[in-house]
Amino acid sequence: MRLIPIALPLLAGALACAAPVLAALAPGAAAPDFTTRGAMAGKVFQVHLKEQLKKGPVVLYFFPAAYTGGCNAEAHAFAEAIPQFRAAGATVIGMSSDDVPTLQRFSAEKCAGKFAVASAGPTVVRGYDVALGRQMAGRDLTKRTSYVIDRAGRIAFVHDDMNPADHVAQTLAAVRKLSKTQ
């Protein structure tokens, strides 16, 4: 079957729209190191990715904004699954462009004090390609993207979907798979 010349661009456009949108950091890419402030159980501390990786794999999950419906649900789901992540040797860190005082409250209330949440500044947002391109209350929002980073600092898995439903299950499965190979 021969395609007429005008059909080729239309077909290419349709295929591009049908392809899933992925974060720029693909599996195998180096995860950008960073140091920022975060909170766990309401206590502020410094978060340094390289230091966290010394303990084992890290699940770095970006969420658009604290105290919004999907982000509250996702934080609760991660909090409920923390025992399984720990059993697989992983640390979970939530990231958003919220300020530290907001994350301090969010870590105690919505994360049940079970894992850290940290403030992602512009350099971290750019490095992980998670800018949503929208603002809320004068601050930039991030995409809902979960990365599993192996001990060597390489991206092992990416889940990039604004629906929070599968982030916990998908990242936990990736961590479990990773723990079998390391």
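Student: What does the lining of the largest pocket divide into?
Tutor: Its residues divide into 10 nonpolar, three polar and three charged. Here Ala, Val, Leu, Ile, Met, Phe, Trp, Tyr, Cys and Pro count as nonpolar, Asp, Glu, Lys and Arg as charged, and the others, Gly among them, as polar.

Tutor: Before we go on, this is a predicted model: local features need pLDDT of at least 70, side-chain atom pairs count only at pLDDT 80 or more, and totals for chains, interfaces and linings use all residues. Residues are numbered from 1 along each chain as its sequence is written, and side-chain values use heavy atoms, leaving out hydrogens and water.

Student: OK, new topic. Is E74 buried or exposed?
Tutor: E74 is buried, with a relative accessible area of 1%. Buried means under 20% relative accessible area, exposed over 50%, and partly exposed in between (1.4 Å probe, protein chains only).

Student: Which side chain does E74 join in a polar contact?
Tutor: That of R144, at 2.6 Å. A polar contact is a pair of N or O atoms within 3.5 Å; within protein, one must be able to donate a hydrogen and the other to accept it, and residues adjacent in sequence count only if both atoms are side-chain atoms.

Student: And what else does E74 touch?
Tutor: Leaving out residues up to four places away in sequence, the residues E74 touches include Y61, F63, P164 and H167. Contact means heavy atoms within 4.5 Å.

Student: Where is E74 placed, then?
Tutor: In helix α3. Helices (H or I, at least four residues) and strands (E, at least two) are DSSP runs, numbered from the N terminus.
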